[in-house]
Amino acid sequence: MFDGVFQGLAWLLAFFYDLTSSYGVSIILLTLVVMAVVTPLTLKGTKSMMAMQRLQPDMRRIQQECAGDRQRLNEEMLKFYKENDINPMGSCLPMLIQMPIFLVLFRVVRGLTHLAPDGTFEPKYLSQASALYRSLRGQTEMLFLGFDLEKSPKQALLDRGFIVALPYLVLIALWVGTSYLQQMQVAGRNPDAMTPQQKMMMRVIPIFSLTAIFFPAALSIYWVTSNLCRVATQGYISHRFYNVGGLGLGNKRGEGGAPVIDVKAKP
């Protein structure tokens, strides 16, 4: 049932490979296409989050009025969100969209490096006439800048030792570092307004990034590229809507040290 999805993503990779003749650059270009779709949703989710911050007193009032009646509370909050054009899940939507793509890409990479009985690649999901299929067929590595994109850091470490695995570990460090940087950007906008859930996310997301050690390096290329795009997006959001400079890590503030939040600003 999902073969059509895998074939579609493999076709897109093959298209970019026709243009670049590079496995890694093809994955980067695919990531940029995904981010071009996701970024407008990120901006929209940010506007919803800002509106929720501005309307916190009204939301607390509703919670107090409906204390002890969860059904009424849910109904009133849904009505409140609709009246104020707020999507409480808006800030999570970009990540929710990317996770299925990440999992599909994992399956596609596994398919492209599927092993034939002779131990060489026999790619799945691709037309045999494509340049990507011909470049992989009969090979045992999927190389980009010295990385075998088919291998995970764990495999490289166990099979070839620390020196060979070092570039893979640097890639993981980039994954973790860019994930943490995004959380710092969000926290830097209004630290006093952070909820316990947001503080927990600051700790959980970078730790989750460590799971990269089990994934093929191709997925690390995808996630680091998408993280860099999100860092740029969050820097724009911090500057445009919160008046925070320095890629969202500065301390430019409004009067009294509070962030300047322009909920009317357009992306």
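Reader: Where is the place of Tyr125?

Author: Helices (DSSP runs of H or I, at least four residues) and strands (DSSP runs of E, at least two) are numbered from the N terminus. Tyr125 lies in the loop between helix 5 and helix 6. This is a predicted model, in which local features need pLDDT of at least 70 and side-chain atom pairs count only at pLDDT 80 or more, while totals for chains, interfaces and linings use all residues. Residues are numbered from 1 along each chain as its sequence is written, and side-chain values use heavy atoms, with hydrogens and water left out.

Reader: Is Tyr125 buried or exposed?

Author: A residue is buried under 20% relative accessible area, exposed over 50%, and partly exposed in between, with a 1.4 Å probe and protein chains only. Tyr125 has 14% relative accessibility, so it counts as buried. Its phi is near 70 degrees, a positive value in a residue other than glycine.

Reader: Which loop holds Ser21, and is Ser21 buried or exposed?

Author: Ser21 is in the loop between helix 1 and helix 2. Because its relative accessibility is 55%, Ser21 counts as exposed. Ser21 also has a positive phi, about 55 degrees, although it is not a glycine.

Reader: What elements does the protein have?

Author: The protein has 10 helices and 2 strands. From the N terminus on, the order is α-α-α-α-α-α-β-β-α-α-α-α. Buried residues are 43% of the 267 residues.

Reader: How many aromatic pairs are found in the whole structure?

Author: Rings of Phe, Tyr and Trp (its six-membered ring) pair if their centres lie within 6.5 Å; planes under 30 degrees apart are stacked, over 60 edge-to-face, and the rest tilted. The whole structure holds 13 aromatic pairs. The rings of Tyr17 and Tyr23 have centres 5.2 Å apart and planes at 20 degrees, so this pair is stacked. Both Tyr17 and Tyr23 are buried. Ring pairs also join Phe102, Phe106, Trp175, Phe215, Tyr222 and Trp223 into a cluster.

Reader: Which charged end sits over the ring of Trp223?

Author: A charge sits over a ring if NZ of Lys or CZ of Arg is within 6 Å of the ring centre and within 35 degrees of the ring normal. At Trp223, the charged end of Arg230 is 5.3 Å from the ring centre.

Reader: How many residues has the largest nonpolar core?

Author: A nonpolar core is a set of buried Ala, Val, Leu, Ile, Met, Phe, Trp, Tyr and Cys residues joined through side-chain atoms within 4.5 Å. The largest has 43 residues, and those with the most contacts inside it include Leu13, Leu105 and Leu149. Helix 1 (3–20) and helix 10 (217–242) are among the helices that each supply at least two residues of this core. A second, separate core has 11 residues, including Ala51 and Met77.

Reader: Which residues does Thr225 touch?

Author: Contact means heavy atoms within 4.5 Å. Not counting residues up to four places away in sequence, Thr225 touches Ile28, Thr31 and Leu32. Thr225 is found in helix 10.
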